[in-house]
Amino acid sequence: MAIITGKQYINRIDDLQNEVWIEGERVEGKLSLHPAFRGILKSKGLLYDMQHDPSAQSVLTRTDNECDELINFSFKQPVTMEDLQKRKEAIQLWARKSGGTIGRSPDYINTAIMTLATSHTYFDEPYATSIKTIYNESKKKDLSFTHTFINPQANRSPHYFESLQEQTKEQIIAAKIIEKKEQGIVIHGARLLATQGGMTDEILVLPVGGDTLDDNYIYAFAIPSNTPGLRFLCREPYASQATSSYDHPFTYQFDEIDSVVVFDHVLVPWERVFIYQQKDIVRRLSIDTNLTEMLLFQAISRQVVKTEFLLGICESIATTISVHEYQHVQDKISEVITTFEIMKSLLESSINGAAPNRFGTMVPARNPLMVASTYYQKTYPRLIEILHLLGASGLIALPTENDFSSSIGADLHQYLQAKNAKAKERVQLFRLAWDLTMSPFGSRQTQYERFFFGDPIRQSSYLYQAYDKSFFIKQIKEFLKNCTT
Ligand SMILES: Cc1cc2nc3c(=O)[nH]c(=O)nc-3n(C[C@H](O)[C@H](O)[C@H](O)COP(=O)(O)OP(=O)(O)OC[C@H]3O[C@@H](n4cnc5c(N)ncnc54)[C@H](O)[C@@H]3O)c2cc1C
């Protein structure tokens, strides 16, 4: 059976001994025992365990013709609309386990690997074989990936090209090819921002978008996370301080950690490289392979679940403290309902408008997905603001679970009760809302959704540029023609 269990996943990550740095130290020993990682590793493990649960297995796994074993749903190429529907159900089943807060559940990048490999004829040889090999190995071993596709934020001026400066190796910032060898290419420099860096089996490195004047920045590959010279420099963890799932229900379980990835003279073997200095391939990669649509389909399916969850929290808060009869409260919650229905409809519309591409993949329609993505980047912060407005001081007056069992417990039980909940239940609900929107974990969630799939300004610009507006212009011309007499 290709599908792994949670235990197998955790053991595999522990055995890799990836070079992970956090709070000034290299993680020694098992990553799964480190306070910053144990919660998220356990939560990801539970996702893998669901593949073996008889009540979820038919949703989360597929049979595979090539390896004649059950594989994770995300590795299976969808070829019919029904496949897309089933894919959506599987993504959402996993997403519900974290209220949509695990942005990089394994199905996200597995989808990229599947999409690129089933489009292998898009690549020249020997690179076509490389991506097929990476895919076959991934689905057989049920591998997970982190990924990086942006350069460090050193200088984003439109007039700056790092490659145009004369550089010694010490001056390199953005990761680039510094040597071509018989065994492979040598990469040196850094990339951002690998969420879950160090806690996946492998890392997928995709080209940075936009034009580059230097071919040494044009490459794509996947390598094991423990490849010599590969370092994951993690941000400050949020989960280390979270001691219970009552106090920090999200942080405790789902802090994914983000990391800067350093490639210190990393040798990438040729058989792991699937793009090498081919500008044209990079320019049209997302469009010609439909990578954008396939990744957005995963993301929007997850965001629907997240909105569902936000709606549940808003309504629970409003009814717990009995503010739901105020018209402005109804107005605010109806904004969340509207977002939920819009996102759900755009997702369904992408399935209804799906069409097969030349590689046989049933590709969901691009426009509804692009619209959903740009819309959510701007709307998510408003949904968070609504929760803040509904919760008011209730999001601040939040004792911990320990306080309830201390000598002030009686006061808390008396003074923090609500119309429709006992004090401890009420505080638990408000802590959930706080952790999703105001704790460091919650603030990161907002930043994550804002910048998901790229800078919102450039995302809406892509939508504008790619959207066919000819019909609308023609209609206005026709209308004006009829206004002339
Ligand atoms: C929580 C989180 C997790 C992430 N996880 C991952 C991950 O797993 N893998 C990964 O590869 N990436 C990840 N990212 C990175 C994400 O893809 C980027 O944040 C996004 O692409 C924007 O790039 P940037 O952060 O470098 O912003 P910048 O490009 O530096 O933008 C900064 C500001 O300058 C403006 N700006 C910059 N350049 C231009 C321009 N050319 N035109 C107009 N305006 C411009 C932007 O609008 C923005 O306001 C993550 C980001 C976050 C916040």
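Biologist: How many salt bridges does the rule find across the interface of domain 1 and domain 2?

Modeller: The rule finds 5 salt bridges across that interface, in what is a predicted model, where local features need pLDDT of at least 70, side-chain atom pairs count only at pLDDT 80 or more, and totals for chains, interfaces and linings use all residues. Residues are numbered from 1 along each chain as its sequence is written, and side-chain values use heavy atoms, with hydrogens and water left out.

Biologist: Why is the pair Arg 96 and Glu 308 called a salt bridge?

Modeller: The term requires a side-chain nitrogen of Lys or Arg within 4 Å of a carboxyl oxygen of Asp or Glu; the closest N and O atoms of Arg 96 and Glu 308 are 2.9 Å apart, so the pair meets the definition.

Biologist: What makes residues of domain 1 and domain 2 count as being in contact?

Modeller: Contact means heavy atoms within 4.5 Å, and by that criterion 46 residues of domain 1 are in contact with 44 residues of domain 2. The domain bounds, 6-158 + 172-283 for domain 1 and 290-474 for domain 2, come from an automatic or database domain assignment.

Biologist: What is the area buried between domain 1 and domain 2?

Modeller: Buried area is the accessible area (1.4 Å probe) that two parts lose on being put together, summed over both, and here this comes to about 4,000 Å², of which carbon and sulfur atoms give 64%. In domain 1, Tyr 108, Tyr 246 and Phe 250 lose the most area to domain 2, together 20% of what that side buries.
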